[in-house]
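Please read these notes with the model open beside you.

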Amino acid sequence: MNLQDIGYDSDFAHHFNQLNNDSLSPCRVSLEQRGLYAVITEYGEMAAIPTGKMLYETEKPVIGDWVAAQILHEQPPKAIIHALLPRKSKFSRKEAGSRVREQPIAANIDTVFVVTGLDQNFRAARIERYLTLAWESGAKPVVLLTKCDLCDDVGEKISDVMASAPGVGVHAISCVQGIGMECLANYISAGQSVALLGSSGVGKSTIVNYLLGDSVQRVQEVRDDDSRGRHTTTHRQMFVLPSGGMVIDTPGMRELQLWNADDGLAEAFSDIEKLGESCKFRDCKHVNEPGCAVIKALGDGTLDARRFENYRKMLGELHYLERKQDAGAALTEREKWKNIHKQKRKIGM
C-alpha cells in the first residue's frame with residue numbers, strides 16, 4: 001500500500017519522524033467500532049488496538065486519523081497504536097445527552113459531503129446545521145441532494161439550498177438513475193479524503209457503493225410514510241476507492257448538537273455576518289436597534305426570515321454551550337484547589 005495515496009503527506013511525515021521511534025510505523029484508522037479499530041498500513045489493512053496508556057488519553061483515535069503503531073507480523077497481523085498524530089481537520093459535535101463533552105466524528109477530511117434527500121427528509125435548516133460544523137472542521141463542504149428522480153421541483157430546491165449555502169457547491173443526484181453522479185469525481189482524487197454526513201436513509205451507503213463499483217455497504221429500503229431509514233450503517237468506516245482517494249461512510253445522526261463552532265457559524269451564515277458589519281452599532285443584536293442592516297434586509301425580503309431565525313437559534317446554542325463550559329471549567333478548578341488544600345492539611349503545612 002502506497003501511503004501517499006491515502007493522504008500521508010510531508011506534514012504527517014514530519015510529526016511521525018519527531019517521535020524518533022524505529023519500531024513504529026505510520027498507519028491510518030479505517031474503522032472504529034466501540035473501541036475496536038482497523039488501520040491501513042504499508043502492509044495492508046489489519047486490526048488494531050490502542051495501548052493501555054492511550055485508553056486514558058483525552059484525545060482518542062477516530063476514523064481518518066493518522067497514528068503511529070507497532071506492527072506485529074503474526075497470523076493474522078495486527079497493530080498496537082502508540083500515538084496519535086496531529087490532525088489537519090476534525091469534524092465534531094457535542095455528545096448526545098446532557099453532558100458537555102466533544103464527540104469527534106472523523107479527522108483529516110478534505111471534503112465533507114452533506115447528504116440530504118429530496119423527499120420528506122429535506123430540511124434547509126438541517127443542511128445549515130451540518131454546514132456550520134463542516135466549515136468549523138476545516139474541511140470543504142459540498143451539498144449532495146439525493147433522490148432527484150423522485151422530486152418534481154428539483155430546480156426550486158437547488159435554489160433554496162444555494163441561498164442557504166453561500167460559497168458551497170450544490171448538486172442534485174440520483175444513484176438509481178445515475179443522474180449527476182459524474183460531479184463526485186471533481187472532489188475525489190488520490191490522497192484526498194471525503195466524508196459522507198447526513199441523516200439515516202438519505203443514501204450515503206448507496207453513494208459509497210456507487211463510488212466503489214460494488215455493493216460493499218448494505219442498504220435497505222426507506223419507509224414511504226416518513227422517508228426514514230433503519231440506520232443500515234452502524235459504524236464509521238473508510239474505503240479506498242479504485243480511482244484513488246478515500247471515502248468515509250458514517251451512521252445517520254439522530255441528533256447534531258453544535259460544538260465550539262463560532263467560526264463555522266460565521267462561514268455558514270456569511271451573508272448575515274456581512275450584513276451585520278453594516279449595522280449602525282457594532283454590538284447590534286438585530287432586534288429593534290436603529291440603523292440595523294439585518295432588520296432592513298428582513299423588511300425588504302433580501303434576507304429570508306427562516307434562515308435568520310435558524311442563525312439566531314444556533315448562535316444561542318453556542319452561547320449556552322460556552323456558559324456550560326465555563327461553569328464546568330470553574331468547577332474543575334475549584335475541585336483541584338480543594339484537593340491541594342486537603343493534601344496540605346494532611347502533611348501539616
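1. Start with a term. A salt bridge is a side-chain nitrogen of Lys or Arg within 4 Å of a carboxyl oxygen of Asp or Glu. By this rule the count comes to 15 salt bridges.

2. Some ground rules follow. This is a predicted model, in which local features need pLDDT of at least 70 and side-chain atom pairs count only at pLDDT 80 or more, while totals for chains, interfaces and linings use all residues. Residues are numbered from 1 along each chain as its sequence is written, and side-chain values use heavy atoms, with hydrogens and water left out.

3. Look at Glu32 and Arg236. Their side chains form a salt bridge, at 3.7 Å from N to O. Glu32 sits in strand β1 (residues 25-33) and Arg236 in strand β12, so the pair ties together parts that are 204 residues apart in sequence. Helices (H or I, at least four residues) and strands (E, at least two) are DSSP runs, numbered from the N terminus. Both Glu32 and Arg236 are buried. Buried means under 20% relative accessible area, exposed means over 50%, and partly exposed lies in between (1.4 Å probe, protein chains only).

4. Next, Glu59 and Arg87. Here the salt bridge is 2.9 Å, N to O. It links distant parts of the chain, 28 residues apart: Glu59 is in the loop between β3 (44-50) and β4 (66-72), and Arg87 in the loop between β5 (78-84) and β6 (90-94). Glu59 counts as partly exposed, at 33% relative accessibility. Arg87 also counts as partly exposed, at 21%.

5. Then Arg307 and Asp271. Their side chains meet in a salt bridge of 2.8 Å, N to O. Arg307 belongs to helix α8 (residues 305-346) and Asp271 to helix α6 (residues 270-276), 36 residues apart. Arg307 is buried, with a relative accessible area of 2%. Asp271 counts as partly exposed at 27% relative accessibility. Through shared partners, salt bridges join Glu128, Asp271, Asp304, Arg306 and Arg307 into one network.
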